[in-house]
Amino acid sequence: MSKELKVASYREVKNPFAAEIKNMSSAFSKLEESVVRLWDKADAYAEEEAYEAGPAGADNIVGVGYGRRMKGGQPTAEICLKAYVVEKYPEDEIQAEALIPEEVNGVTVDVEAVGEIVALGGNRKAQWRPAP
């Protein structure tokens, strides 16, 4: 048995979730790429001033990540991909290209409304130092 095979076998025994983690990572990359492509397309249309995203278009999606699936406002034990939106809309009000798939590579995608995300402005250290 070669050294590489021994190492791979050890990792599989050490981490029985390695394949699941690899699949989740691959699914995350695909979801992230599709969202970024959608944002790029919306930006290109906006420059031509011929694009009206509307509230349920590309501008409604604010991020992607990993997390626990939410059901009824409570977290469940299921780990899934997360798509973060400003506001959730009924499926028939969402533009076709902005629809987020229910799963990617067999990994569930949960859509969570988080509102507008804004960066903090100014110098936080100057505002909050010294600590009270």
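**Entry: ground rules.** I am working on a predicted model, in which local features need pLDDT of at least 70 and side-chain atom pairs count only at pLDDT 80 or more, while totals for chains, interfaces and linings use all residues. Residues are numbered from 1 along each chain as its sequence is written, and side-chain values use heavy atoms, with hydrogens and water left out.

**Entry: elements.** I noted 3 helices and 4 strands in the protein, and reading along the sequence I get the pattern α-α-β-β-β-β-α. Helices (H or I, at least four residues) and strands (E, at least two) are DSSP runs, numbered from the N terminus.

**Entry: the sheet.** I then followed the pairs one by one. β1 and β2 run antiparallel and are joined by 9 bridges, and G63 has Y84 in β2 as its bridge partner. These two strands form a hairpin with 2 residues between them, and G72 in the turn has a positive phi of about 65°.

β2 and β4 pair in the parallel sense over 5 bridges, and here I find Y84 again, standing opposite E112 in β4. β3 and β4 (residues 107–113) pair in the antiparallel sense over 2 bridges; E103 has T108 as its bridge partner in β4, and V104 stands opposite V107. The hairpin of β3 and β4 has 2 residues between the strands, and in it N105 takes a positive phi near 55°.

Entry: R68 has its place in strand β1, and I record it as partly exposed, with a relative accessible area of 45%; the classes I use are buried under 20%, exposed over 50% and partly exposed in between (1.4 Å probe, protein chains only). Taking contact as heavy atoms within 4.5 Å, and leaving aside neighbours within four places in sequence, I find R68 in contact with P75, T76, A77, E78, I79, C80, K82 and D110. R68 and D110 are 42 residues apart along the chain, and their C-alpha atoms are separated by 8.6 Å.

**Entry: the core.** Which residues have the most contacts inside the largest nonpolar core? This core has 17 residues, and I list L31, I61, L81, I100, V104 and V109 as those with the most contacts inside it. A nonpolar core here is a set of buried Ala, Val, Leu, Ile, Met, Phe, Trp, Tyr and Cys residues joined through side-chain atoms within 4.5 Å. α2 (18–48), β2 (74–85) and β4 each supply at least two of its residues, and the largest share, 7 residues, comes from α2.

I checked L31 separately: leaving aside neighbours within four places in sequence, L31 is in contact with V64, L81, K82, I100, P101, V104 and V109. V35, which lies in helix α2, counts as buried at 6% relative accessibility. V35 touches I61 and V64, not counting residues up to four places away in sequence; from V35 to I100 I note 65 residues in sequence and 8.6 Å in space, C-alpha to C-alpha.

**Entry: the largest pocket.** I read its volume as about 430 Å³. Of the 21 lining residues, K88, I94, L99, I100 and V111 are the closest to its centre. A pocket is an open set of points on a 1 Å grid over the protein atoms alone, where a 1.4 Å probe fits, with protein on both sides within 12 Å along at least five of seven lines, and lining residues have an atom within 4 Å of a point. The points are joined across faces, edges and corners, and the volume is the space filled by probe spheres set on them.

β1 and β4 are the elements that give two or more residues to this lining, and β4 gives the most, with 4 residues. By class I count 12 nonpolar, 3 polar and 6 charged residues in the lining, where Ala, Val, Leu, Ile, Met, Phe, Trp, Tyr, Cys and Pro are nonpolar, Asp, Glu, Lys and Arg charged, and the others, Gly among them, polar.

**Entry: totals.** Buried residues make up 21% of the 132 residues in the protein. Among contacts between residues at least 6 apart in sequence, 62% join residues at least 24 apart.

How values were computed:
Two strands pair if DSSP finds at least two bridges between them.
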